[in-house]
Amino acid sequence: MNIKKFDYFIFDLDGTFWNYPSLIEGSEEVYKRLIEMGKKVLFVSNFTYLDRDGIVKIFKRNGIDAEKNQIITSGYVASVLLKGKKVFPIGDGLKSELKKNGIKVGDEDVDAVVVGHDVNYNYKKATKALKLLLEGSEFYTTAIGRVWIFKDEIVPGTGLIFSGLEFCSGKKAIMLGKPSNFMVETLKKMINDGKVIYFGDEAYADMEFAKKAGFYSVFVRSGVDKNIKKVKANLVLDSLKDLLKFLE
Ligand SMILES: [Mg+2]
């Protein structure tokens, strides 16, 4: 496989490009090499702990000079989809992303409850969200993750929040992040003609996403899913570091 023939290189963040807030070994070299080669590089993530400006800042701190418009998060997708609606967001990163994209936020008379990653989630917020859901609000989540690696520690993912609210409200959340069609469609609008290669570490969120989008898929074993038996990918790498030899 001639990897150099691809025009767009798209990376997942957690477990693929970084283990927040540090880059995975090889990511910086890969990014710089691709830019040097004139390739278009994009990032697609269900990460909502920070907004996209926050991601740009972390990138800069790690030597990656990327722009906000190279990044699509499920929080950004929420702001595209919920244009004109009032939202109760769970999580500061999500809240900030929505506000920066012109979405009204509040905790009364809202059209939708949207779950993001919230390390300050508490009983009070859960009670508020439940009330809104029972009153008829739409219900969305930006991720379904069970676990997240935060500063080398395994912590609960966004699944902790939305699944609890599903249980209590009896309502099912609509998934906005990968591998949803909302994410595929938002990304496709940012891609002009060209061949696309996609890198991710999750069998479901990433490989299913690549398949739906029709991208050439690369599974990296640097993240949460180590078992490759169930993975359907075009290529498997131990980590992005192994991509360097394809780019020589
Ligand atoms: Mg990942």
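In the predicted model, the protein is divided into domain 1 (3–46 + 179–247) and domain 2 (84–175). The centres of domain 1 and domain 2, taken over C-alpha atoms, are separated by 26 Å. To the contact between them, domain 1 contributes 7 residues and domain 2 contributes 8 residues. On the side of domain 1 that touches domain 2, the residues comprise 2 nonpolar, 4 polar and 1 charged.

In soluble globular proteins, nonpolar side chains tend to be buried together. Here, the largest nonpolar core has 66 residues, and those with the most contacts inside it are Phe17, Val87, Val113, Val114 and Tyr198. Helix α8 (residues 203–213) supplies the largest share of this core, with 5 residues. At least three residues of the core are drawn from each of domain 1 and domain 2.

Two packed helices are described by the angle between their axes and the distance between the axes. For helix α3 (residues 74–81) and helix α7 (residues 181–188), the axes come within 10 Å and cross at roughly 85°. Because this angle falls in the range of 65 to 115 degrees, α3 is roughly perpendicular to α7. Ser74, Val77, Val80 and Leu81 form the α3 side of the contact, and Phe182, Met183 and Thr186 form the α7 side. By class, the residues of this contact divide into 5 nonpolar and 2 polar, with no charged residue.

Conventions
Residues numbered from 1 in each chain as written. Predicted model: local features only at pLDDT ≥ 70, side-chain atom pairs only at ≥ 80, totals over all residues. Axes fitted to C-alpha atoms, helices over the stretch in contact; angles between N-to-C directions. Helix = DSSP H or I, 4+ residues; strand = E, 2+ residues; numbered from the N terminus. Parallel < 35°, antiparallel > 145°, perpendicular 65-115°, else oblique. Contact = placed C-beta atoms within 7 Å. Nonpolar A, V, L, I, M, F, W, Y, C, P; charged D, E, K, R; others polar. Core = buried A, V, L, I, M, F, W, Y, C linked by C-beta atoms within 7 Å. Buried ≥ 20, exposed ≤ 12 C-beta atoms within 10 Å, placed from the backbone. Domains from an automatic or database assignment.
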